[in-house]
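User: Hi! Could you walk me through this one? I'd like to start with the inside.

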Amino acid sequence: MPEIIYQFYGGVHPPQAKISSQDAIVSAPLLERYVIPLQMHIGAPARLLVQKGNKVLRGQMLADASAFVSAPIHAPTSGLIKEVTTCLGVLGTQLPAVILESDGEDTPAEPLAPIPNWQDSAPADLLRRIGDAGIVGMGGAAFPTVIKLSPPPEKKIDTLIINGVECEPCLTADHRLMLESPDKIIAGMQICARILGVKRILLGIEKNKSDAVDLMRNKTQDTSIQVCALDVRYPQGAEKQLIYTLTKRKVPTGGLPMDIGCVVQNVASVYAIAEAVIDGTPLYQRITTVTGTPLQSPGNWRFRVGTPYAEAIRLAGGVTEDPVKIISGGPMMGVAVYSLDIPITKNTSGILLMSGAEVSQYQSKSCIRCGRCNDTCPMQLMPGILSVQIENESFDLAESWHVMDCMECGCCSYICPAGRPLVQHMRRAKADVTALHQAAKAAKAAKEAREAKEAAKEAKNSPASAPGKK
Amino acid sequence: MSENEIRMPDTSRLIVSSSPHFHTTDSVSKIMLWVIAALLPVTAVSVWHYGLPALEVIFFCTAGCVAVEVLCARLMRRPIEINDGSALVTGLLLGLNLPPGTPIWICLVGALLAIGLGKMVFGGIGCNPFNPAIVGRVGLLIAFPQTMNTWMTGPDAYTTATPLKMLSDAHLAGQEGATNAMSEMLSQVSYGDWLLLNQHGGSIGEISALALILGGILLIALNIIRWQIPFFYILTVAVFTGLAWLSDSSLYAPPQYHLLSGGLLLGAFFMATDMVTSPVSRTGAIVFAIGCGIITCVIRLWGSYPEGVSFAILIMNALTPLIDRMTAGKPFGAPKKKGLKL
Amino acid sequence: MSSVFSKFSNGLWRENPVLVLMLGMCPTLAVSSSAKNAFGMGVATTFVLAGSNLVISLCRKVIPAQVRIPCYIVIIATFVTIVEQLMQAYAPAELNQMLGIFIPLIVVNCIVLGRAEAFASKNGPFLSLLDGLGMGCGFTLALMALGAVRELIAAGTIFELQIIPNWQGILLLKMPTGAFIVLAFFLAGMNLLKMRKCRKEGRAYEPPEELNCRTCSICKISRQ
């Protein structure tokens, strides 16, 4: 049955530039030293289980989840814990980290017991395994997968959506993964479906990856999985937009996909789930695209977590010219970094180098109200008007024009002919509005506490008056 | 491969900026250049038809606007932004809105009004609430009614009676006079000629409806203007005047007469669509265009001025922020019926 | 003496009713089409201002606070009636016709009532008279400056004296639109002067509060 595809509002068509789509995934060679940050996920940093000088084996748990929203971290290879320290994160902050010196043996630890007959296992066992394997959303957000897969019982989930869209230009990691390991991905999808108890599984792939669409269609012929070829339009792979395209359901403002009966998983996460369940391998490696015109030989590699960016670039043959920007992630939502010491984490989908010719340095001019941002905003906001309000620091006004709904996809900044940094404006407003709300909340709480204290004091001072009135 | 052969990137000069890192190649100056390109056909036809008087007006308006912008920017100690070409567009549009043969000094006053009063006092490009070219034109119309109502019909031939002026006079003459005047007037016009080359007198830019439509279609095809504005503007005028004509064809001219006469096409394609002064959203654009159409018709049919396009656009310009507020849609996924409060 | 003079000069410049206090905009815009009209209007208003300020100041102790506004209006209306009768008797008919309804409307002119409430009701008769005269003169001068500029550009004359020969004239300035435009330039000039003064004294210039940032870009100008 051909799936009906709906069209989401807005979107842009940036140049695809997927130059590494034909390069098969290569496993990166073992390094001497890995820098493993203890926070590769949204939520609390993991709690360290090892100490300086400990010997660890590949796949051994280095740190355990410390809170509900957290995920364990495993050793990428065997070796010695050289140091417990901090390292530079993608966002420029220092993260707690351990430095692991490889012993060159790559001895595996006692693996988690494989569950080859997962079809018959209880969903709870499978969930526990996914949690223990430290799997997080590998599309970019790095939200612990186990939470996504265990919705509260009152939310009825009827659709599982697998995100193989990879709408970011330049990136090809998910594409290669689908081409090279379709069976694992399909198994992973079915594991997720079993956990959630859903029948309807949709796999969305953009039409520019027609080989992947064909392959997945062939492989899923006798299953309940439907492979949907989607139009090439950024941000097709954004969660809310993908759900709308496939089901015509809209995630309510401030809500989650599970509110409308959907769960979305990235193909890389699904692959990691299959590996964790069937082979018992925890998540300590991932496919990352290293690309960009300045590189000698761009491609897709299977890196162990903790590989510094410098090693990734060395693997890609170094550069032919000095890049002007190095980006962690894709060009639309990725983060520009200034150091190559940053390690690859569970959500590093790509490392992109941009040459001076590609980086457009432009000056922000006055908004000419052309309305293109309005036409392209997938959240149907009015970025142009918002940005003027934000420039004038009218954050309350911006909030009433729904700035908090912005998902920072970058369409407006991409399309703006006046070169206005619209996304930056939105981020500023969102941070400010959040801060304002927190301040108001704190003030209210403080006031209530003070009042309660005063009331208590009064009651203490005149204990006779209250009962006396009786 | 030895370590020495691999060249590692120099990280000392990396740029760190907010995402996205790709950017469209479009820019404000490119948009303005396309608008100028779209105005070239009608400019060429008018210069060919009227000769030097038209060329002079266009040249001095354009040069005047650029000069005034530079002057104002210097006075206000702001960066000079003539490179974006918006002053050129304003100047060209102002020139096309004046009668051929307008004295040079009046053109320069118009440029001063348009850029100085219409744009720079509000803070330059993007900040002006009213279309600068229309501010210039309306200012001149009020300041120099005599000059602004004498039209050339060809080289060395002048008239004060444009088709709309005749229509307005006929309306003022009342029921008896109107019937005669109307039939006489309608017998004079040939719609085919009018479409190609306006022989009845009018602004420079009203010379050829066809050239205007061509330019407008170019802009719509390039997604520079929102098609909703010209489409609904012209449609509203056609429906409104059509209804009036159907109700009493002896008093009101047929809709095609209204569509081709005066500055309607120039206004609908090039003036009302000015991005800075029209609503941002497409729904807003429709409201804006219908408003423009209704006000134009009311002025033309019952007002004392023969032409109402400039005034209509100016009035709707003033309403643009309100229309923006009114038509601000709800975000994707927001609950229904919870829009912005006006 | 200096304080007495400052009471008078207050209205001329520092608290000029038109250019600083922005009071009495209606006659300002309506009758400043020529210097002569402006002068006539200014003199009439000055007379009413000075007279009413004096009388109100004299009566300020007997007027009960609850009904002071009606009392002020009655006093002001008396003076306006005197002015109107005088003008009908002695002023040139042409001027009288031009000023028309705006003379009776002085009754509700914000300047007159404003000074009565803000100054005359709290100060002695001499100071009140001075204040009224100063305010009136300031009003007259501002109006005449407006009128002169408008007349000059519209007809090339000032007080009907040909200044620019063979001036074709820009009708725009004779119309109410012209009053708005010229007044706007005057106010802009005032702000510019204030800005310069602030800069000279090394203070930060703060644009007027009414100019809200959401609709205005004036601080973009002043920041540079």
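User: Which helices of chain B each supply at least two residues of the lining of the largest cavity?
Analyst: Helix 1 (28-50), helix 3 (86-96), helix 5 and helix 13 (264-271) of chain B each do. Helices here are DSSP runs (H or I, at least four residues), numbered from the N terminus. This is a predicted model, where local features need pLDDT of at least 70 and side-chain atom pairs count only at pLDDT 80 or more, while totals for chains, interfaces and linings use all residues. Residues are numbered from 1 along each chain as its sequence is written, and chains are lettered from A in the order in which they are written.

User: Nice. Which helix gives the largest share of that lining?
Analyst: Helix 3 of chain B, with four residues.

User: And which residues are closest to the centre of the largest cavity?
Analyst: M32(B), V89(B), L93(B), D274(B) and M275(B), out of 23 lining residues.

User: Switching topic: how many residues of chain B and chain C are in contact?
Analyst: 17 residues of chain B meet 14 of chain C, with contact meaning heavy atoms within 4.5 Å.

User: Which elements of chain B give two or more residues to the side that touches chain C?
Analyst: Helix 4 (104-117), helix 5 (132-143) and helix 6 (145-148) of chain B. Helix 4 of chain B gives the most, with four residues.

Terms used:
Side-chain values use heavy atoms; hydrogens and water are left out. On a 1 Å grid over the protein atoms alone, a cavity is a set of points where a 1.4 Å probe fits but cannot get out, and a pocket is an open set with protein on both sides within 12 Å along at least five of seven lines; lining residues have an atom within 4 Å of a point.
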